[in-house]
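Colleague: I have a model open and would like to go through it. Can you take some questions?

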Amino acid sequence: MRLPRSGAGWTIAVFGLLALLLGALGLIWPETQLRLLGFEVPAERAPGDYTGTFLTASSMASFNMGVYYLLAVATEWRPFYRFTVWFRLVTFTVFTIAVLSDVAPDRFFAVAAWEGLGAVATAVGLWWDARRAGTATDDSVPGPMPATDAAR
């Protein structure tokens, strides 16, 4: 796999790699993942407690999402980059509300912050890349003329 070719690509690559690794962590060592998120890990689960099932599902989703993000980087799929900005902001909002309404522990706000900061970083990367591309293709700067245009 090649390295990202843009600032926005780097932000997507970092998020994708971390999503992949944290998804793998949740699949291999679910208790560690729960502790990282600030959840209790009881010695024994009560009947009807599907925490492990839910963690397996969300870890697999994170792993897959990491693969999708890295594939987007490998192909420099810029519409995907723009799409992620908006939906990571939605994720930030939902996770923040979960913390504020006591659905999730306060420590879970770190996940919300990660999503929000990641969205902003990608948005800044997209802006920076567009700015760099705009100056590189500025028609007001004289440059070599293609041979086909020189004859006209």
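This is a predicted model: local features need pLDDT of at least 70, side-chain atom pairs count only at pLDDT 80 or more; totals for chains, interfaces and linings use all residues.

Colleague: How many helices and strands?

Modeller: There are 6 helices and 0 strands, taken as DSSP runs (helices H or I, at least four residues; strands E, at least two) numbered from the N terminus.

Colleague: How do α1 and α3 cross?

Modeller: The axes of α1 (residues 7–28) and α3 (residues 51–75) come within 7 Å and cross at roughly 155°. Axes are lines fitted to C-alpha atoms over the stretch in contact, with angles from 0 to 180 degrees between N-to-C directions. The two helices are therefore roughly antiparallel, the term for angles over 145 degrees.

Colleague: What residues make up that contact?

Modeller: The contact of α1 with α3 has 17 nonpolar, 8 polar and no charged residues. Ala, Val, Leu, Ile, Met, Phe, Trp, Tyr, Cys and Pro count as nonpolar, Asp, Glu, Lys and Arg as charged, and the others, Gly among them, as polar.

Colleague: Switching topic, which helix gives the largest share of the lining of the largest pocket?

Modeller: α3, with 9 residues. The lining as a whole divides into 21 nonpolar, 8 polar and 3 charged residues.

Technical notes
Residues are numbered from 1 along each chain as its sequence is written. Side-chain values use heavy atoms; hydrogens and water are left out. Angles under 35 degrees count as roughly parallel, over 145 as roughly antiparallel, 65 to 115 as roughly perpendicular and the rest as oblique.
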